[in-house]
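Try each task before you read its solution.

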Amino acid sequence: MSLLDIITARIRGDGPISIADYMADCLLHPTYGYYVTRDPLGAAGDFTTAPEISQMFGELIGLSLAQAWMDQGCPAPFTLAELGPGRGTLMQDALRAASKVPGFATALRLVLVEASPVLRQAQAKRLASYAPTWIESVADLPEAPLFLIANEFYDALPLRQFHRAEEGWRECRVGLKGDELTLGLAGAAAQPALDHRLEDTKPGDIVEFSPAATSVTETIASRIAAHGGAALIVDYGDWHSLGDTVQALKDHEPRPILHRPGEADLTAHVDFETIALAARAEGCAHSRLAPQGVFLERLGITQRAEALARGAGDKALSEITAAHRRLTHPAEMGNLFKVMGLFPVTAPPPPGLTV
Ligand code: SAH
């Protein structure tokens, strides 16, 4: 039995499925899902993320959240949460830096939202001294001030893809041609969730929309609006999604998304307007979208790199220089990745972001 067999049987029984249903099976099927069965990160895995490139990333995020916590009067206790913490590297770096802020470490309750048992183990090892609790879903976040980070989490949330036609939107679905998985378009229909995209698109355009991104954001934003806090959401994408951005990655190389389901990472660009609209609907403010490079420069990544470089050997020095470039340069991660902050309407945005 393979995930391909399971998906094929499902389509035979029920008909074609949305990209969202396909993605959910590929990534999180309880037995065969990509994240359920492995640690995908790093050089030996399928992709590398910012915190795995350098400690500077997590440190600066931690300090930005700690300053936001101080700006809001140091509420205690508060929830420090991460969505999809991977190996726990980002949180470890963030906590090392933020714990220097008096009172922060004793006031925080660390909560990790993680679907993968393999990655939960890695997180448990790294973060044991902070006694984290794990939850399956943001719905289980405590009713308390919430300071939260999500790096490369939203890109893994299942999304639906729609092709604009003259008479409405046609949803892209995964079906079968003989025994092979194939992509096809459903008939045209109205999609009220895409009404706000009628102005900036024309027939022939492709738009992606993640209902999960909306519901995750609504939950976070409602906690922040009710109890205070801040969220930093970092991911690749832009204000508006446009075009087909669903991609599969295996061994750091792209591959067709229908090839061997469950064996490759499957992601899409994040549509930050979805996040902004969901936050506003809950009475929560959001920052402007900042390119990752600009955000990190505003937080002082160059000074941090210089400090690390002092006393470093030649090899470490060139690694620090390379990491700084990779995280900030527009031709590397600096421009493709964006940062959006969520915060109460009565509070300033977390440092590094503007309104
Ligand atoms: N933030 C980490 C890892 C990014 S990979 C880093 O920057 O290195 C995506 C992470 O999100 C993984 O930890 C994965 O297991 C988790 N994840 C993906 N979809 C999820 C979901 N629906 N619920 C909970 N965790 C999820």
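**Exercise 1.** Where does the ligand sit?

*Solution.* Start with the ground rules: this is a predicted model, where local features need pLDDT of at least 70, side-chain atom pairs count only at pLDDT 80 or more, and totals for chains, interfaces and linings use all residues. Residues are numbered from 1 along each chain as its sequence is written, and side-chain values use heavy atoms, leaving out hydrogens and water. Now look for the ligand: you'll find it in the largest pocket.

**Exercise 2.** Find the residues that come nearest to the ligand.

*Solution.* Step one: the ligand has 19 residues around it, and the nearest are Thr 49, Gly 84, Gly 86, Glu 114 and Asn 151. Step two: check the side chains. Thr 49 puts a polar side-chain atom 2.5 Å from a ligand oxygen. For Glu 114, a side-chain N or O atom is likewise 2.5 Å from an oxygen atom of the ligand. With Asn 151, the distance from a polar side-chain atom to a ligand oxygen is 2.8 Å. On its own the ligand has 570 Å² of accessible area, and the protein covers 94% of that.

**Exercise 3.** Is His 286 buried or exposed?

*Solution.* First locate His 286: it belongs to strand β15, residues 284-286. Next, take its relative accessible area, which is 17%. Buried means under 20% and exposed over 50%, with partly exposed in between (1.4 Å probe, protein chains only), so His 286 counts as buried.

Methods. Near = heavy atom within 4 Å. Polar contact = N/O pair within 3.5 Å; in protein donor to acceptor, adjacent residues only side chain to side chain. Areas by Shrake-Rupley, 256 points an atom, 1.4 Å probe, with all protein chains shown as cover. 1 Å grid on protein atoms, 1.4 Å probe; cavity = no way out; pocket = protein on both sides within 12 Å on 5 of 7 lines; lining within 4 Å. Sits in = over half its atoms within 2 Å of the grid points. Helix = DSSP H or I, 4+ residues; strand = E, 2+ residues; numbered from the N terminus.
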